[in-house]
Amino acid sequence: MKGLCESIGNCTMAYMELSGPTLMEVAREAADDGVQHLFVLPLFISAGGHVVEDIPRQAAEAEAALPSLKVEVLPAVGQDPRFRELVQQMGRDVLRITI
């Protein structure tokens, strides 16, 4: 996933568990760098517990701890119609290879 941020620029990955940095760590670094608006793009396919509860809670905690920073949680990538189209195309490609 590091290559993903490198291709976007001005991007940092945050992790929910088992790895770091956390959203709070990324938010603190962003605030220290003078960032005023942080966008969080959840890299999840569906809107499960992390997307519905954990990430919004962590975003609110970051905003409370860092009043100069607005943290906006975007819809999970799996909710974007382009993601569905990509998965459908990948499935069609696999079927073409195996048939």
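D54 sits in helix α3, residues 49-65. Helices here are DSSP runs of H or I with at least four residues, strands are E runs of at least two, and both are numbered from the N terminus. The model is predicted: local features need pLDDT of at least 70, side-chain atom pairs count only at pLDDT 80 or more, and totals for chains, interfaces and linings use all residues. Residues are numbered from 1 along each chain as its sequence is written, and side-chain values use heavy atoms, with hydrogens and water left out.

Stay with D54. Its relative accessible area is 19%, so D54 is buried. Buried means under 20% relative accessible area, exposed means over 50%, and partly exposed lies in between (1.4 Å probe, protein chains only). The D54 side chain makes a polar contact of 2.6 Å with the side chain of H50. A polar contact is a pair of N or O atoms within 3.5 Å; within protein, one must be able to donate a hydrogen and the other to accept it, and residues adjacent in sequence count only if both atoms are side-chain atoms. Leaving out residues up to four places away in sequence, D54 touches M16 and G49, where contact means heavy atoms within 4.5 Å.

Now the salt bridges. The structure holds four. Each is a side-chain nitrogen of Lys or Arg within 4 Å of a carboxyl oxygen of Asp or Glu. R57 pairs with E61, with the closest N and O atoms 3.6 Å apart. The two are four residues apart in helix α3, so about one helical turn separates R57 and E61. R57 is partly exposed at 40%, and E61 is partly exposed at 39%.

Helix α4 spans residues 81-98 and holds D93. R96 and D93 meet in a salt bridge at 2.7 Å, N to O. Here the spacing is three residues in helix α4, so R96 and D93 are also separated by about one helical turn. R96 is exposed, with a relative accessible area of 56%, while D93 is partly exposed at 32%. Another salt bridge joins the side chains of D80 and R82 at 2.6 Å, N to O. D80 is partly exposed at 25%, whereas R82 is exposed at 62%.

The largest nonpolar core has twelve residues: L23, A27, A30, A31, L38, V40, I55, A59, A62, L66, L69 and V71. The elements giving two or more residues to this core are α2 (23-32), β1 (37-40) and α3. Helix α2 gives the most, with four. A nonpolar core is a set of buried Ala, Val, Leu, Ile, Met, Phe, Trp, Tyr and Cys residues joined through side-chain atoms within 4.5 Å. Beyond its neighbours within four places in sequence, L38 is in contact with L23, A27, A30, L69, K70, V71 and E72.

Finally, the loop between α1 and α2. P21 is found there, and the peptide bond from G20 to P21 is cis, with omega near 5°. N10 is in this loop too. Its phi is near 50°, a positive value in a residue other than glycine. N10 is exposed at 86% relative accessibility. L18 also belongs to this loop, with a positive phi near 70°. L18 is exposed at 88%.
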